[in-house]
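Please keep the sequence and the structure at hand while reading.

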Amino acid sequence: MQIVFFGIGYVGLVQAAVFAEAGYTVMCVDIDAQKVADLKAGKIPIYEPGLESLVRDNVKAGHLLFTSDPKEGVAFSPLQFIAVGTPPDEDGSADLRHVLNVARSIARHMDEAKTVVIKSTVPVGTADKVRAAMKAELADRGRRDLHFDVASNPEFLKEGSAVADCTKPDRIIIGTDNLRTEQQLRELYAPFNRNHEKIIAMDVRSAELTKYAANCMLATKISFMNEMANLADRFGADIEKVRIGIGADPRIGYHFIYPGIGYGGSCFPKDIRATIRTAEADGFDPLLLKAVEARNEEQKSFLCTKILHYFGGDLRGRTFAMWGLAFKPKTDDMRDAPSRVLMEALWQAGAKVQAFDPAAMDECRRIYGERPDLLLCEGKEATLAGADALIVVTEWKQFQAPDFLGIRSALRSPVIFDGRNIYDPAIGERYGLEIHSVGRRRPSLLIQEMERPAAE
């Protein structure tokens, strides 16, 4: 079977490479000729574990092809995937220009029946717009005789584990009202559906909403736990104990209930905003989703507030070591990353940042360029030299078992601001370090309260 992917960004490239590895011949189309040339040469534009070798091996084997000619792509296969980006518009709604441009391009060049599968994350009703755009283009060509179908097949990839998520998906959503299209996609996904039934077939609009609903639910869990962490911070409770306590309830579970300093990346912020705007455009006020977004934006300032309080409100001339820049481990993605909010707030307050991230250093340079208040260091230890405090922003594994004695001796002030709750404050105190976390009590404060005389 031959397949075509329009768009070789994060979603398109990963899914295309995994299909190629399964034995299909996949042609990837992108208007960026330089990106196409780089991929042909084995240069990968994104950081994703396992992807580089997958692309390189399948290009060499002839299973993965790249072109910047849409006509070549349309002619290559009756199965056409749209996997281009849907960036947020100025009002936060999903910008569908790229999706609709691809749809028109397919209709402009097609000379046989096509199945068009929307892989991009799109609002409910997008398949109808794609269908209308293609019909209009075919009418202009005088080719109303050409048949096509439009299906929804949303992706559920996690940055940092995208290859594994594609290779062993937990579910495969197929949105179509056409039995032939459903059978075609079931055949396509058969290599990934052998262990147990993973395919869930439904109508197109339900499939479109399923993708947004999944991301909105996960974002809601994160914002809920951050709200509880703020309460724990005020009430003198330990959110880690609370997390374990509520996670033991099988109706809640332990997934996505880790407090921190907010979510970021290419999916959750964009999809929450797009769902809010889509709902509002239909006359519905999505109160819960607005609260999820508001809590997340507020949470990104959580550590800065603690830092300002610790240093008496004046950060001028201070230097902060920062571990982590990407919004999560195993990616170089800094889109909507909490690190950006924090760094910009520190700079605004007159402080400098010395940062290290295992993958996102080049991305940070691309975003901020060279500036006197930002030093990108070669390793985590190098960030500590001359720093007033350490800030942990991303929970990379190499940050999780640090040399606390080395940190204590290198810092001007014996303090760590842990935005991901990866350190136990009690262990930090044994090494003479104050660890300020998200909703966790420091043992010394607990001891002070226990020693306080009871009220008469």
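## Helices α9 and α11

Helix α9 and helix α11 pass one another in a left-handed crossing, and this, like everything that follows, is read from a predicted model. The axes of α9 and of α11, the latter spanning residues 268-281, come within 9 Å and cross at roughly 115°. Because angles of 65 to 115 degrees count as roughly perpendicular, α9 is described as roughly perpendicular to α11.

On the α9 side, the residues that meet α11 are K211, Y212, N215, C216, L218, A219 and I222, while α11 contributes F268, D271, I272, A274 and T275. Sorted by class, the contact of α9 with α11 holds eight nonpolar, two polar and two charged residues.

How many cavities of 30 Å³ or more does the structure hold? There is one cavity of that size, and the volume of the largest cavity is about 50 Å³.

The lining of the largest cavity is made up of S120, T121, V122, S152, P154, A207, E208, K211 and Y212. Helix α9, which covers residues 204-235, supplies the largest share of this lining, with four residues. K211 and Y212 belong to the lining of the largest cavity, and K211 and Y212 of α9 also take part in the meeting with α11. By class, the lining of the largest cavity divides into four nonpolar, three polar and two charged residues.

## Helices α13 and α14

The contact is formed by L303, C304 and I307 from α13, together with L342, A345 and L346 from α14. In terms of residue class, the contact of α13 with α14 has six nonpolar, no polar and no charged residues.

## Helices α14 and α15

Helix α14 (residues 338-348) also packs against helix α15 (residues 361-368), where the axes come within 13 Å and cross at roughly 50°. That angle makes α14 oblique to α15, and the crossing in which α14 passes α15 is right-handed.

Which residues make this contact? From α14 they are R340, M343, E344 and W347, and from α15 they are C364, I367 and Y368. The contact of α14 with α15 comprises five nonpolar, no polar and two charged residues, whereas the contact of α13 with α14 has no charged residues.

How values were computed
Residues are numbered from 1 along each chain as its sequence is written. This is a predicted model: local features need pLDDT of at least 70, side-chain atom pairs count only at pLDDT 80 or more; totals for chains, interfaces and linings use all residues. Side-chain values use heavy atoms; hydrogens and water are left out. Axes are lines fitted to C-alpha atoms, for helices over the stretch in contact, and angles run from 0 to 180 degrees between N-to-C directions. Helices (H or I, at least four residues) and strands (E, at least two) are DSSP runs, numbered from the N terminus. Angles under 35 degrees count as roughly parallel, over 145 as roughly antiparallel, 65 to 115 as roughly perpendicular and the rest as oblique. A crossing is left-handed if the near helix is turned anticlockwise from the far one by less than a right angle, and right-handed if clockwise. Contact means heavy atoms within 4.5 Å. Ala, Val, Leu, Ile, Met, Phe, Trp, Tyr, Cys and Pro count as nonpolar, Asp, Glu, Lys and Arg as charged, and the others, Gly among them, as polar. On a 1 Å grid over the protein atoms alone, a cavity is a set of points where a 1.4 Å probe fits but cannot get out, and a pocket is an open set with protein on both sides within 12 Å along at least five of seven lines; lining residues have an atom within 4 Å of a point. Grid points are joined across faces, edges and corners, and a volume is the space filled by probe spheres set on the points.
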